[in-house]
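Here is a short briefing to read alongside the coordinates. Have the viewer open and follow along.

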Amino acid sequence: MISTRGRYSVRVLLDLAEHRNGGYIPMKEVAARQEISLKYLERIMPLLTQAGLVEGVHGKGGGYRLSRPAKDYTAFEILSLTEGTLAPVTCLESGQQCENAENCRTLPLWQGLDRTIAAYLGSYTLEDLARMEKPLQHAEL
C-alpha cells in the first residue's frame, strides 16, 4: 500500500510541474491548492530536496521548484524514494534473500508482479499526469 507520504509527494511534485514558471513556488501555495497541511509538506520537502528532485530557497521570494523537466520524473522514481520499496513481498526487497528461494514455486509470481508494478509506475511521468483530465466526481456521474 502506498503511504500518505508517497501520495502527497507525487501531488506536490505534480503541482510544482503544473505551476512551473522558472521561479520558486512557496510551499504555502502548494499546501493550499493541494489541501495538505503545510507542516506535513515541510517534513516531506527535505527528502525530495536531498534526492535532487527539487531545489529550494529559503526566505523572501523562496520556495521550491523542480530540478529538471517534468517529463524526466516517473511515478516509480518518486514512490521508490518515498516508500523505500515497492516490492509486493519481503523476499524481493533489496538486500533480502529468502532461504527458500531455490525451491519457492510462487517466487516467479511475485517477481512478475514486481516487474509489472515497476513498469506501470515507470510509464507515468509528471508531464503525463499533468496532461490527464481530472476524474469526474461521484455527483457528476
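Thr-82 sits in helix 4, residues 75–83 (helices are DSSP runs of H or I with at least four residues, numbered from the N terminus). The model is predicted: local features need pLDDT of at least 70, side-chain atom pairs count only at pLDDT 80 or more, and totals for chains, interfaces and linings use all residues. Residues are numbered from 1 along each chain as its sequence is written, and side-chain values use heavy atoms, leaving out hydrogens and water.

**Thr-82 and its surroundings**
- Thr-82 is buried, at a relative accessible area of 1% (buried means under 20%, with a 1.4 Å probe and protein chains only).
- Beyond its neighbours within four places in sequence, Thr-82 is in contact with Arg-5, Gly-6, Ser-9, Leu-47 and Leu-48 (contact means heavy atoms within 4.5 Å).

**Helix 4**
- Its buried residues are Ala-75, Ile-78, Leu-79, Thr-82 and Glu-83.
- These cover an arc of only 110 degrees around the axis, so they lie on the same side of helix 4 (the arc is that of the directions from the helix axis to the C-beta atoms).
- Their cover includes helix 1, helix 3, helix 5 (107–122) and helix 6 (126–131).

**Helix 1 against helix 3**
- The axes of helix 1 (residues 4–18) and helix 3 (residues 38–50) come within 10 Å and cross at roughly 80 degrees, which makes helix 1 roughly perpendicular to helix 3 (65 to 115 degrees).

Methods
Helices (H or I, at least four residues) and strands (E, at least two) are DSSP runs, numbered from the N terminus. Buried means under 20% relative accessible area, exposed over 50%, partly exposed in between (1.4 Å probe, protein chains only). Axes are lines fitted to C-alpha atoms, for helices over the stretch in contact, and angles run from 0 to 180 degrees between N-to-C directions. Angles under 35 degrees count as roughly parallel, over 145 as roughly antiparallel, 65 to 115 as roughly perpendicular and the rest as oblique.
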